[in-house]
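Biologist: Can we walk through this one together? I'd like to go interface by interface.

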Amino acid sequence: MTTSTFVKLDGIAKRWNGQLGVEGITLDIPEGSFTALLGPSGCGKSTTLRLLAGLELPDEGQILIDGKDVTTSAASDRNLSMVFQSYALFPHLSVAENVMFGLKVRRVPKQERLEKLHRALEITGLLGYEGRKPGELSGGQRQRVALARAIVAGQRLCLMDEPLSNLDAKLRNAVRKDIKKLQRDLGITVVYVTHDQTEAMSMADTVVLMKDGHIQQVGSPEDLYSRPNNTFVAEFVGAPPMALIESTALEGFGDDKTVGIRAENIQIVPAGTGRMRCKVNESEFLGAETLIGLDHDGTSGLCVLQPGLSLMPEGDEVEINFDDGNLHVFDDAGKRLAG
Amino acid sequence: MSTHANLERRRQAIYGWLLLSPALVLLSAFAFYPSIATLWTSLFSRGTRRRPVEYVGFENYSDLFADPTFWLVVKNNLMYAGVTIPVSMGIALAMALWANGKIRARGFVRTAYFTPTVLPMIAAANLWLFFYTPGLGVLDQIGSVFGLPSVNWLGQPETALWAIIIVTIWKEAGFFMIFYLAALQTIPEELKEAADIEGASRWTYTRRIVLPLLMPTTLFIAVNALINSVKLIDHLFILTKGGPSDASKLLLYYIWEMAFAFFDAPSAAAMTVMVIVVLAIIAAIKFSYLDKRTHYQ
Ligand SMILES: Nc1ncnc2c1ncn2[C@@H]1O[C@H](COP(=O)(O)OP(=O)(O)O)[C@@H](O)[C@H]1O
Ligand SMILES: [Mg+2]
């Protein structure tokens, strides 16, 4: 992976009749990287992607792709491809015609067109389906046609808007790996929109977490997980998400802060030796471990993981302990304090 | 268990027939029976005081084929269909593509185009009478501004049929546009965006994506336009009465004249049978051949 900037967003803003879409989006995306735009529904992920694609024009800011200012360029002049959430396949055209549509439009010679088609179908495992209409394919196959259409032209930048959200959970895991491998093998730059933090964390080199049209944090999955910028990031990333404790509920942290702790850093200890006494409010068997949810005044999302099957009756009282070194401290506005 | 299945099947059959019966009764009384009665009538001679009705086989048909007026009317109707169908459909499609785009006052444009459709044909004809009237009519008034001589659009054989054709196009285009508009709304916006990213021009997108997806609608409209080109004759009564010298006479008007002006029911019946046969053949082609080649969503 090279590290030179390939796509640059600088102070991008987009509003509709004064209603906020996104604001202050500044982002450097290196060539050959996999960047995930992550956030809850309505936070502006799709808007950011569409601005990048040229399907919307920004009200403010500048967009550079491969060093060229494309802020107001037409979508077709930006040399990129896109996979839509709905796949946007042409329903009356066969798989082959769908995949070759762009090549035909760009007047690629027939021989070359067929070669590229063959290669794209080979990569996406669709050989033998050339003649089918999208309506005669399963959801997973349609998704692969959309992928084939995106890679066939060999564009260096590929945008994907929740490409897996219409697949069932099992297929999603498989395709996730396929997309990641595809991106590596072809060496293309992918900007990938998702609301699923597992997806973002497992696929991306860089995760951009957004909320209400603003970027909350940009960093590697590792970064977001272990050094969340604020309480929103802390609660959004990780399964289970980080537990937040009001500093008044703990000793030695003042009274206007929030303290975060992850489930794996909490231990259940014998009565009398712990730092907090909590009530069990749920226990959920996950397979390799059991997740035990805990209740305590001034906390949210507090839970602990126990190995194997170790369900605990609801209402039981337990004591927990944790090291100060594993705590994340946020100020009264929710911003991370140094450390 | 088999008696149970039998009972269930019989119950289903009765249920099916019950659901079918209203349509069956109505169609039999008002479509199948009259059609067969018409076919029957067309095979008998016209009764006069001296000669009673008798079976004549296809004589009524051969008489018609020997009648020059019949051939003139057929020619008129072919011309009428040949012009009104493609032109009104073309205008409807163009207007729909335009009104579906991002234009201002879209609602107003749609309503304006749809207005001719809600007018009864008789009212529309009266409106156009006001345009066409020599001397007083709007067309002549405009013409006179440019120093053109007065033209009796409806009163001369060369222009009468064209005047009728224009009224029909004006009436039908807005109606067909509504169908096209409805179909255009079902095409997802992303298809346009996907085509945009691939670099397709507006024209390529329209030709390769929109038009094929509109094909079912086009077919539906074409059949309707065809039927209308046979059955829409209200305006003839107001505008030309088929004249002058049969120049604007259409088949159905001629059938009506035969039956109710000349009281020649067998000839009218024979002509009706021919119209039904032609329309039935076209419908069969539509449902068997064209439907298979069209992409339905
Ligand atoms: N075409 C539009 N017109 C008006 N508002 C829009 C439009 N597209 C998106 N928005 C608004 O912008 C915000 C971000 O939307 P979007 O980018 O689609 O969110 P998501 O992160 O779920 O993809 C939402 O509040 C949405 O209502
Ligand atoms: Mg979205």
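Predicted model: local features only at pLDDT ≥ 70, side-chain atom pairs only at ≥ 80, totals over all residues.

Biologist: Which residues of domain 1 of chain A lose the most area to domain 2 of chain A?

Modeller: Eight residues of domain 1 of chain A are in contact with eight residues of domain 2 of chain A. On the domain 1 side, three residues together make up 74% of what is buried there. Those three are A:Tyr225, A:Pro228 and A:Thr231.

Biologist: How many salt bridges and polar contacts does the rule find across the interface of domain 1 of chain A and domain 2 of chain A?

Modeller: For polar contact, the rule finds two residue pairs across that domain interface, both residues at pLDDT 80 or more. By class, the side of domain 1 of chain A that touches domain 2 of chain A has three nonpolar, five polar and no charged residues. The count of salt bridges across this interface is zero.

Biologist: How many Å separate the centres of the two domains of chain A?

Modeller: The domain assignment puts domain 1 of chain A at 5-233 and domain 2 of chain A at 239-330. Taking the centres over C-alpha atoms, the separation is 38 Å.

Biologist: On to the two chains. What area is buried between chain A and chain B?

Modeller: The contact takes 23 residues from chain A and 17 residues from chain B. Carbon and sulfur atoms give 68% of the buried area. The total is about 1,800 Å².

Biologist: Which three residues supply more of the area that chain A buries against chain B than any other three?

Modeller: Their share is 31% of the area that chain A buries against chain B. The trio is A:Pro91, A:His92 and A:Phe101.

Biologist: Which residues form the salt bridge between chain A and chain B?

Modeller: Across this interface the rule finds one salt bridge, along with five residue pairs in polar contact. In the salt bridge, the closest N and O atoms are 2.7 Å apart. The partners are B:Glu193 and A:Arg50.

Biologist: Which element gives the largest share of the side of chain A that touches chain B?

Modeller: Helix H1 (45-53), strand S6 (80-83) and helix H2 (95-105) of chain A each supply at least two residues of that side. The largest share is four residues, and it comes from H2(A).

Biologist: What do the buried residues of helix H8 of chain B pack against?

Modeller: Helix H8 of chain B covers residues 189-197, and its buried residues are B:Leu191, B:Glu193, B:Ala194, B:Ala195 and B:Ile197. B:Glu193 is also the salt-bridge partner of A:Arg50. Within chain B, the buried residues of H8(B) pack against helix H9 (202-231). From chain A, they pack against H1, S6, H2 and helix H4 (139-151).

Biologist: Which residue with a positive phi follows H8(B)?

Modeller: H8(B) spans residues 189-197. The phi of the residue in question is near 90 degrees. That residue is B:Gly199.

Biologist: Last one: is B:Thr159 buried or exposed?

Modeller: B:Thr159 sits in helix H7 (residues 157-185) of chain B. Not counting residues up to four places away in sequence, B:Thr159 touches B:Asn152 and B:Trp153. The relative accessible area of B:Thr159 is 17%, and the cut-off for the class is under 20%, so B:Thr159 is buried.

Methods. Residues numbered from 1 in each chain as written. Chains lettered and ligands numbered in written order. Heavy atoms only, no water. Domains from an automatic or database assignment. Contact = heavy atoms within 4.5 Å. Buried area = accessible area lost by both parts, 1.4 Å probe. Salt bridge = Lys/Arg side-chain N within 4 Å of Asp/Glu carboxyl O. Polar contact = N/O pair within 3.5 Å; in protein donor to acceptor, adjacent residues only side chain to side chain. Nonpolar A, V, L, I, M, F, W, Y, C, P; charged D, E, K, R; others polar. Buried < 20%, exposed > 50% of the residue type's maximum accessible area, 1.4 Å probe, protein only.
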